Number of protein chains: 2
Amino acid sequence: MRQRHCNRPGGWQGKLRGCGYRITIGREAILDVLTKYKDKHLSAEDIYLKVHSIYSDIGLTSVYRTLDMLISMGMVSKFDFGDGRARYEIAGEGQKEDHHHHLVCTICKRVINYNDFIDEELQLINKTEKSLSEKHKFEIRSHLVQFYGICDKCKKKK
Amino acid sequence: MRQRHCNRPGGWQGKLRGCGYRITIGREAILDVLTKYKDKHLSAEDIYLKVHSIYSDIGLTSVYRTLDMLISMGMVSKFDFGDGRARYEIAGEGQKEDHHHHLVCTICKRVINYNDFIDEELQLINKTEKSLSEKHKFEIRSHLVQFYGICDKCKKKK
DNA sequence: CGTTAAATGGAAATGATTTTCATTTAAAAA
DNA sequence: TTTTTAAATGAAAATCATTTCCATTTAACG
Ligand SMILES: [Mn+2]
Ligand SMILES: [Mn+2]
Ligand SMILES: [Zn+2]
Ligand SMILES: [Zn+2]
């Protein structure tokens with residue numbers, strides 16, 4: 001049985017409408033996949049393949065277009081982990097539970113989400129944001145924090 | 001008169017030799033450019049053009065190869081500011097004076113270096129690094145902190 | 001100098017992302 | 001419901017930063 005999204009205003013449909021975008025099967029399917037794999041880091045092609053298996057009319061071009069749209073609305077975040085393809089992740093609403101940063105293996109490109117010290121980090125980030133905003137007259141919208149190194153498995157291989 | 005690099009062991013020449021690499025005119029010229037423009041964020045082609053104007057035998061391929069080599073040695077850092085091309089910056093030795101993070105305009109892609117709160121940031125980063133290293137058996141080598149937003153000029157244009 | 005593996009440049013290949021354009025479709029109007 | 005219309009779409013082609021290939025050159029060492 002197919003899981004349906006709620007239709008409350010404020011759901012994803014309301015958000016799209018509010019920005020003047022139309023509701024389409026492709027867009028719903030892409031959001032479904034992003035939600036289902038919310039702690040993974042899917043590439044555009046990953047998303048295309050997963051959507052394609054349940055809705056074979058989707059095109060890769062539309063995946064890219066939809067992702068750009070969702071990013072511009074702040075509903076999706078785009079990352080570069082150094083393997084030559086962008087990665088996408090749905091941006092959780094409640095910035096408490098979902099917000100996390102990344103640990104990236106520079107060899108195998110594996111990515112770990114982490115939450116440790118997130119309160120302290122966010123506190124410092126807020127302080128920095130405020131100060132930098134004023135000093136450089138810069139309107140800060142988001143931040144990126146990533147650690148790079150060598151993961152357990154890759155270390156053992158050497 | 002041409003500015004010469006020092007030959008003290010510990011200089012860039014010693015570092016390359018220590019890693020089994022040869023000293024070449026191209027490599028010297030690339031390091032010269034990276035040093036001269038140390039607070040800019042040059043693309044591979046930017047570097048190629050600047051080197052080419054003083055040493056026209058250089059090829060773009062060698063610029064890419066040399067940058068990869070320098071990155072693997074930790075002498076250069078590579079960044080993605082979202083404009084479709086990688087940016088390179090020489091990595092200062094003394095992590096006090098030179099270490100900085102970035103403020104990136106998502107519209108015009110302008111990048112500002114900042115140092116504010118760097119001590120506090122580094123302190124928290126060290127703490128996080130230590131904890132994450134243990135928890136995930138991950139050997140952390142470096143970190144990335146960037147703020148994204150809209151710069152002064154782009155804000156005025158709207 | 002002569003030897004040799006590393007380094008190089010140019011051309012071609014690669015591959016993720018973007019553009020183009022003819023067709024389809026969501027949604028508002030009638 | 002039917003009509004209307006601009007937004008959305010897919011397929012193919014284009015783009016373009018980066019990588020690969022390979023024949024030639026060169027740094028380093030004796
Ligand atoms: Mn994540
Ligand atoms: Mn910088
Ligand atoms: Zn790894
Ligand atoms: Zn700007």
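Two strands count as paired if DSSP finds at least two bridges between them. By that rule strand E4 (residues 101–105) of chain B pairs with strand E5 (residues 111–114) of chain B, the two running antiparallel with four bridges, and within this pairing His101(B) has Tyr114(B) in E5(B) as its bridge partner. The model is predicted.

**Manganese site**

- The manganese ion (ligand 1) has five listed residues around it in chain A: His41(A), His100(A) and His102(A) coordinate through NE2, Glu89(A) through OE and Asn113(A) through OD1, at 2.0 to 2.3 Å.
- Along the chain, the donors of the manganese ion (ligand 1) are spaced as H-x47-E-x10-H-x1-H-x10-N.

**Three-stranded sheet of chain A**

- Strands of chain A form an open sheet of three in the order E1-E3-E2, with antiparallel pairing.
- Strand E1 (42–43) and strand E2 (76–80) of chain A are at the edges; each has a single partner strand, so one side of each lacks a neighbour in the sheet.
- E2(A) is joined to E3(A) by five bridges, and the two strands run antiparallel.
- One of the residue pairs here is Phe79(A) with its bridge partner Arg87(A) in E3(A).

- E4(A) is mostly covered, with five of its five residues buried.
- His101(A), Leu103(A) and Cys105(A) point one way from E4(A), while His102(A) and Val104(A) point the other way.
- His102(A), one of the buried residues of this strand, is also among the residues that coordinate the manganese ion (ligand 1).
- E4(A) pairs with E5(A) in the antiparallel sense over four bridges, and with E6(A) in the parallel sense over four bridges.

**Hairpins in both chains**

- In chain A, E4(A) and E5(A) form a hairpin with five residues between them, and Lys109(A) in the turn has a positive phi of about 70°.
- In chain B, the hairpin of E4(B) and E5(B) has five residues between the strands, and Lys109(B) takes a positive phi near 70°.

- The size of an interface is often given as the accessible area lost when the parts come together.
- About 3,600 Å² is buried between chain A and chain B, and carbon and sulfur atoms give 66% of this area.
- Chain A brings 36 residues to the contact and chain B brings 36 residues.
- Four salt bridges are counted between chain A and chain B, including one in which the side chains of Asp116(B) and Lys135(A) meet at 2.8 Å, N to O.
- Across the interface of chain A and chain B, 16 residue pairs are in polar contact.
- On the side of chain A that touches chain B, the elements that give two or more residues are strand E4 (101–105), E5, helix H5 (118–136), strand E6 (139–150) and helix H6 (152–156) of chain A.
- E6(A) gives the most to this side, with 12 residues.

Definitions and conventions:
Residues numbered from 1 in each chain as written. Chains lettered and ligands numbered in written order. Predicted model: local features only at pLDDT ≥ 70, side-chain atom pairs only at ≥ 80, totals over all residues. Heavy atoms only, no water. Donors = N, O, S within 2.8 Å, 3.2 Å for Na, K, Ca; no water. Contact = heavy atoms within 4.5 Å. Buried area = accessible area lost by both parts, 1.4 Å probe. Polar contact = N/O pair within 3.5 Å; in protein donor to acceptor, adjacent residues only side chain to side chain. Buried < 20%, exposed > 50% of the residue type's maximum accessible area, 1.4 Å probe, protein only.
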